[in-house]
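Student: Could you pick one part of this structure and walk me through it slowly? I'd like to see how it sits in the bigger picture, too.

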Amino acid sequence: MELEKNLGDNLAVLKKKIGSDDVSFMEFKIHGKNAVLVFVNDIVNKEAAGELILRPLSELECDFSPQVVANNIFSPEKKEVLTVEETIDEIMTGNVCLLVDGTAESFLFGLRKFEKRAIAEPPTSTVIKGPREGFVESLPVNISLMRRRLKTPHLKFVNMVVGRYSKTPVALCYIDGIADKKLVALLKKKISAIDIDAVLDSSYVTKFLGEHETSLFKQIGNTEKPDILAAKILEGRVAVIVDGSPIALTVPYLLLEDFQSPSDYYGSSYSAIFARLLRLFAVTLSIYLPAFFVSAELFHLQLLPLSFLLTIASSIKGIPLSPSYEMFFTLAIFEILNEASVRMPKYVGMVVSIVGGLVLGETAVAAGIISAPTLMIIAFSGICLYTVPELEQAFSIIRLIFLIVGGSVGLYGLIVASVCLFIYLVSFENYSTPLMAPFAPIVKEDLKDGIYKGFLSQQQKRPYSIKNINRNRISDKCVKEHE
Amino acid sequence: MNRIFPLKTRQICLFFIAFLPVNKLFIMPSIVAATARQDMWMSALINMAIDAATLAVIMFICAKRNIDFYGILENTFGKTGSKIILSFYFVFFMLKAVLPISEQRDFVTLTFYFTRPGGFIFLPFFLAAFYLCLKPLRCVGRCADLLFIPTIIGFVFLIFLSFGNFELGALLPFGINGAAPIFEGSYIASPWYGDCVYYLFFAGRYLHKKKDGVKILLSYIAACAMVLIFIVVFYGTFSVIAFRQRFAINEISKYSTIINNIGRFDYLSTFMLLISGVVSLSLPLYFAGEIMNRITEIKKPWIFPLIVSAITLAVLVVLEQYFASIEKFITGYASAYFILLGNLFPIVAALFSLKEKKHEIYQS
């Protein structure tokens with residue numbers, strides 16, 4: 001719908017469409033001509049609006065024309081719009097709209113002022129050494145954090161707006177000359193095609209970017225830290241930053257990413273290798289230990305050394321539940337405590353830890369409901385799982401499935417279940433990138449930053465597992481000088 | 001346009017190392033020991049030599065050809081002819097599947113589940129087999145990329161545990177019983193060999209570069225050598241009572257001092273080998289399903305994998321009582337069938353491919 005020359009008509013339409021108590025229609029005169037400033041109260045910098053728009057216009061001593069706006073208003077963001085719909089969209093995103101009688105267009109000025117959280121260390125990825133900055137919920141701030149890290153004209157952002165009602169700004173971020181152009185185009189197409197009511201968090205976008213709706217595992221990488229995001233896009237990945245979310249998404253995703261920690265890159269290679277091996281071992285232990293213990297107790301007593309067997313026999317004496325029910329029951333308690341401690345207010349959380357962990361566990365063992373080895377195994381398994389927190393949800397489900405299989409079919413069932421999981425993982429691809437790369441398929445060059453973390457001279461090339469158009473990461477000269 | 005190959009040379013090499021030795025470590029050693037006794041390693045060596053030679057010939061002839069086995073058959077025998085030959089291969093793979101699956105079922109139920117009735121314990125295997133059959137060939141290649149690790153670790157650990165009780169004297173003197181038992185042992189073991197057939201189904205589905213043939217052949221020999229080492233250590237440990245040790249993989253390390261101290265520690269390596277074993281056992285079903293899909297050109301590729309898995313399950317359940325007869329049949333009469341389709345026909349097919357190559361060159 002086109003804007004009219006008559007200010008009264010335009011105002012009537014706007015009041016009808018966006019009239020609300022928090023929307024201001026400030027009427028004033030420009031050299032005798034009626035004019036109105038329209039804006040949403042709480043998302044506009046009103047002081048700046050008064051200084052940059054109202055004052056110069058009200059003091060104007062000539063007739064109003066679009067040229068006047070160009071010459072007298074020094075707002076860095078200016079835009080002229082001819083339709084009502086576009087005008088409304090701009091007002092709702094926090095711009096100030098100027099309507100002048102006798103002009104069939106609206107003038108928009110970017111004077112947004114949203115309340116935002118201060119930049120802080122993200123709770124999901126804390127580091128001992130390394131940058132402590134984390135993304136916040138504001139897209140411009142997050143973009144500025146990226147710009148500060150990568151001061152290159154090759155860092156590109158593609159802005160889009162998604163969500164019928166939320167009109168959420170979404171930015172695609174990549175390095176021109178490294179990222180695969182086809183992937184950028186594909187993501188742009190996918191994000192543009194999102195047509196839902198609202199995008200309230202980046203996880204909403206994740207659902208549309210994943211290629212397998214029913215997948216148990218993550219298909220899209222994510223991070224809350226600008227340094228990690230910078231490193232990822234320098235490897236050829238494409239990032240998606242969503243306004244209102246501190247979590248940036250990265251495509252394509254490899255399972256290995258979650259076994260790598262930011263601290264691996266800020267410390268020595270030896271400590272990184274050790275930490276990665278430890279994480280892998282801990283996750284494996286976490287998934288298999290409860291199931292293995294139950295199946296050993298039920299079916300394969302010969303697997304346990306005699307002294308250990310006697311210890312277990314004495315501890316399970318008098319326990320009313322069968323080993324698999326006992327383990328299942330203890331795991332259920334652990335998961336409930338876990339869920340409660342995440343949701344509960346912090347001041348109650350401490351109480352839950354004490355009551356759940358100490359009182360409930362100790363009492364249950366003392367009362368003879370569960371045995372001490374079972375409790376210990378579940379507690380240890382739970383702790384082990386958090387060495388790779390990003391995969392905690394998927395692996396919790398797998399642990400439960402394995403426990404059921406181990407308790408009903410025994411170790412051979414576990415072997416078959418492992419093979420099924422393995423087949424599932426190796427056949428899984430997202431954006432033509434195998435989830436298990438660089439291990440299956442083996443990408444020899446990328447094994448230098450797999451579980452083994454290579455030294456500087458071995459990191460000369462960007463990963464082959466991720467499509468990129470520029471392989472050289474460190475120049476030959478630099479490597480030679482370093483050697 | 002660049003053709004995308006589902007496999008890589010490295011994956012074929014690792015395929016042989018990861019999956020070939022595992023199924024030969026269960027009852028084959030005791031069966032061959034009953035016939036060839038201390039010369040059983042020579043029987044295995046003959047099988048290995050025949051297979052390696054077959055593989056070398058096939059590779060030499062048709063590796064560089066940009067055509068797969070199905071294409072070779074179709075170009076040579078026509079559509080109907082190729083379907084008839086493929087149906088023989090379908091039977092070949094089904095027979096190749098039955099014996100190892102039933103022996104592994106018996107191994108699992110008798111060794112790990114002696115405290116409980118273990119009849120249904122083996123059923124989940126068929127789910128895994130069916131699941132693998134649904135996946136494309138590149139998935140098999142990727143499985144090989146990773147599963148060679150448990151195979152090697154499991155094997156090395158098992159040999160390490162057993163080596164303390166190995167006595168070379170048990171294998172001496174060589175050839176005292178004459179050549180006949182050696183060849184008979186080799187003939188009996190043929191259902192477990194003939195794995196070069198798998199290569200026939202890989203040909204044309206990977207980019208064959210210079211020296212790739214050597215790499216593949218060496219990896220095949222390495223896989224057979226693992227079996228050979230196992231057989232030597234097995235007979236060196238048990239000597240004349242080797243034929244009584246039905247499941248060699250379970251028995252070979254039982255005299256280890258580590259086991260005496262801390263329990264059946266060797267089961268850890270058995271479990272590792274069983275992980276590769278599940279995929280290895282599924283492979284004949286995988287190719288049987290693929291062949292049937294190819295013959296019928298069905299649009300729902302899950303149907304035949306399901307049928308193939310169900311048939312094998314039915315055979316195992318219905319004929320459970322007659323396992324000894326099945327074993328006798330497969331290691332007896334069916335051995336000739338295995339040699340025919342596992343060793344002779346692949347060479348013939350490869351020769352046909354050569355003829356086709358000339359034809360193509362002539363045409364061009």
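**A close look at β2(A)**

Tutor: Let's start with β2(A), which pairs with strand β4 (residues 96–100) of chain A in the antiparallel sense, over four bridges. Two strands count as paired if DSSP finds at least two bridges between them. Strands here are DSSP runs of E with at least two residues, helices are runs of H or I with at least four, and both are numbered from the N terminus. Keep in mind that this is a predicted model: local features need pLDDT of at least 70, side-chain atom pairs count only at pLDDT 80 or more, and totals for chains, interfaces and linings use all residues. Residues are numbered from 1 along each chain as its sequence is written, while chains are lettered from A and ligands numbered from 1 in the order in which they are written.

Now find V38(A): across from it in β4(A) stands C97(A). β2(A), residues 33–40, also runs antiparallel to strand β1 (residues 23–30) of chain A, joined to it by eight bridges. One place to look is E27(A), whose bridge partner in β2(A) is V36(A). Then follow the chain around the hairpin of β1(A) and β2(A): two residues lie between the strands, and H31(A) takes a positive phi near 45 degrees.

Next, look inside. A nonpolar core is a set of buried Ala, Val, Leu, Ile, Met, Phe, Trp, Tyr and Cys residues joined through C-beta atoms within 7 Å. A residue is buried if 20 or more other C-beta atoms lie within 10 Å of its own, exposed if 12 or fewer, and partly exposed in between, with C-beta atoms placed from the backbone. The largest core has 207 residues, and those touching the most other members are A239(A), V240(A), I415(A), C143(B), I231(B) and V278(B). Domain 2 and domain 3 of chain A both give residues to this core, so it lies between them. Our V36(A) turns up in a second, separate core of 23 residues, which also includes I30(A), L98(A) and L111(A).

Conventions: Domain bounds come from an automatic or database domain assignment.
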